[in-house]
Amino acid sequence: MDSLQQLYQDIILDHARRRVGAGELAGEPGEHQAQSHQHNPLCGDDITLRATVQDGRIETITWDGDGCSISMASASVLSEMLQGQSVDEFTEANTAFHELMGSRGKVAGEDVEETLGDAAAFAGVSKFPARVKCALLSWEAAKDAIARAGL
Amino acid sequence: MTQSSPAQAPQQPQLDAAEVQRLRADFPVLEQEVNGHPLVYLDSGATSQKPFCVWEAEQHYYETSNAAVHRGAHTLAVAATDAFEDARAAVARFVGAGEREIVWTSNATEALNLIAYSFSNASAGAGGPEAERFRLGPGDEIVATGMEHHANLIPWQELAARTGATFRWIPLHADASLDLEAAAGVVGPRTRILAFTHVSNVLGLVNDVAALVALGRSVGAYTVLDACQSAPHLPLDLGALGVDFAAFSGHKMLGPTGIGALYGRAELLDAMPPFLFGGSMISTVSMERAEYLPAPQRFEAGTQRIAQVVGLAAAVGYLSEVGMDRVAGWEHHLGARLLTGLASVPGVRVLGPDPDSGVQRTATVPFEVQGVHPHDVGQFLDSHGVAVRVGHHCAEPLHRFLGVSASTRASAYLYNTEADVDALLNALSDVRGFFGVK
């Protein structure tokens, strides 16, 4: 598998097309909800992500965004995997994902699959420093929204 | 330096594929493989590659005459000052300016900010009676266009905010070319500055400078030309164009990074208050106040970028030897191949005016691939050794106008070949398949 295929794993291309949790965010965030807007001025990736958190548990992640396949797939994977997770589990996964993105290809996807699930497929992104921000955009939005929704 | 000299004299009628092939030997960076493919560099709009002679000139300067310029009486200081001022004369000739009309800056961005800050200082009362004509205030208007690079947009927005003037812009036609009829409604007696690009850094279209200068003059506005994408690619005669100011960057025209220039008509530069203050720009200084040298020195505070200036002179020497009309001719050929070729790739849409619209376009061509984000297009092309620019190319308002958040831009230069264009087109034909777009 060449590095381009490692970057664009089938899981990623599939999520980029399916966009789990994507759609127009109706109205303002309600009770137990908060949303975060993140923008990458370099490439125009843009996401608004809304989290619903109750009793330390993430109930839903929905989002509206526009951007490259890496950024869109990342948001889709997050939306799918965080449903029902505890905030602590998210914090652990968020740390693992940031470590993976900073690894410059030294961490293999299989080694973090247990913690990261489908998000481990982004291992190949870490070899492309210019694309790491694309993968992290929705995680930044999720961290921000979850922290404020859980207050 | 024979190795780096262009292979042909400027009298040759046209730059052709064989000669371009010989010129490429002067650009060693082009002779490499990227991701298993020969490098196809189509990002000269962002920065150009450099021929040997540019860094050889810098090296020669450091080896033989490095010293601070315009100070000290020793032999090296004289040699360095000569090299520095000879370079100014060479660059001035290259763009049709007088020697005293070229001010060195870090880049075009700094040159445009220099104008804005000088006007700003004048508006705050600096510069005495001669600078009164640069004062801006409420009721005055600064006009740019809807297609500007951020560097020819934000300095004017900010100047307006600092002085109380109003910032306005000339709208675009639906095809993103400048609406000159609407311009006549935007530019009026209140307009003090009219800033516009010569060649759009995104669309590669060439604006009608003569019409805009005539419009600016008719209302007594100062005209500011962004020449970043014209100075490298087209024969340029700023004096003949009649603009009051212009800005260009060395690194886009075969020169080093870190050096650019401001052009200003001498009588304006001499009357404008300085922007940066310090050494080398003063005539007398007391503990209470200072008086300033005439232009260009009044705008060149501090130790200058001497080696880069020398490198830029070598770059314009190289371009002049090839001949700018011949460079423009070859790029016109490549541009036509790009425009036609891109339009014929299924799922690819060229942004900007149609080829039959009559709007002149250079070999800088933006496009979108339906169903694939530009960042992904760029990544895919890179895996095929093809370097292009993706994003909004520092022209976010223009992209918003085009209805896209980003685009992919191919931009060619004198060292690009027909094969480079074809490599781009071949790789592009596989992009949508790779991303599963039907």
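User: Which residues of α4(A) meet which residues of α6(A)?

Analyst: The model is a predicted one. In it, A:Val87, A:Phe90, A:Asn94, A:Phe97 and A:Met101 of α4(A) meet A:Val132, A:Ala135, A:Leu136, A:Trp139, A:Lys143 and A:Ile146 of α6(A). By class, the residues of this contact are nine nonpolar, one polar and one charged.

User: Why are α4(A) and α6(A) called roughly antiparallel?

Analyst: The axes of α4 (residues 87–101) and α6 (residues 129–149) of chain A cross at roughly 160 degrees and come within 11 Å. Angles over 145 degrees count as roughly antiparallel, and α4(A) and α6(A) are therefore described in that way. The handedness of the crossing of α4(A) and α6(A) is left-handed.

User: What makes β1(A) and β2(A) a pair?

Analyst: The criterion is at least two bridges between the strands. β1 (residues 33–39) and β2 (residues 46–54) of chain A are joined by seven bridges and run antiparallel. Within this pairing, A:Gln35 stands opposite A:Arg50 of β2(A). The two strands form a hairpin with six residues between them, and A:Gly44 in the turn has a positive phi of about 85 degrees.

User: Why is chain B said to be as compact as a globular protein of its length?

Analyst: The radius of gyration of chain B is 22 Å, and the globule rule gives 22 Å for 438 residues, so chain B is as compact as a globular protein of that length. The C-alpha trace of chain B spans about 70 × 55 × 35 Å along its principal axes. Its secondary structure comprises 15 helices and 17 strands.

User: What makes β4 and β6 of chain B edge strands?

Analyst: β4 (102–105) and β6 (166–170) of chain B each pair on one side only. They belong to an open sheet of seven strands in the order β4-β10-β9-β8-β7-β5-β6 (chain B), in which the pairing is mixed. From one strand to the next, the twist averages 20 degrees. In this sheet, β9 (residues 245–249) and β10 (residues 260–264) of chain B pair in the antiparallel sense over five bridges, with B:Ala261 in β10(B) as the bridge partner of B:Phe248.

User: Which strands form the open sheet of four strands in chain B, and in what order?

Analyst: The order is β13-β14-β17-β16 (chain B), with antiparallel pairing. Its edge strands are β13 (348–350) and β16 (389–391) of chain B, each of which pairs on one side only. Three bridges join β13(B) to β14 (residues 364–369) of chain B, and B:Arg349 stands opposite B:Glu368 in β14(B).

User: Which helices of chain B lie across strands of this sheet, and at what angles do they run?

Analyst: α11 (residues 324–344) of chain B lies across β13, β14 and β17 of chain B and runs at about 10 degrees to β14(B). α12 (residues 374–383) of chain B lies across β14, β16 and β17 of chain B, running at about 160 degrees to β16(B).

Notes:
Residues numbered from 1 in each chain as written. Chains lettered and ligands numbered in written order. Predicted model: local features only at pLDDT ≥ 70, side-chain atom pairs only at ≥ 80, totals over all residues. Axes fitted to C-alpha atoms, helices over the stretch in contact; angles between N-to-C directions. Parallel < 35°, antiparallel > 145°, perpendicular 65-115°, else oblique. Left-handed = near helix turned anticlockwise from the far one by under 90°. Contact = placed C-beta atoms within 7 Å. Nonpolar A, V, L, I, M, F, W, Y, C, P; charged D, E, K, R; others polar. Rg over C-alpha atoms; globule rule 2.2 N^0.38 Å.
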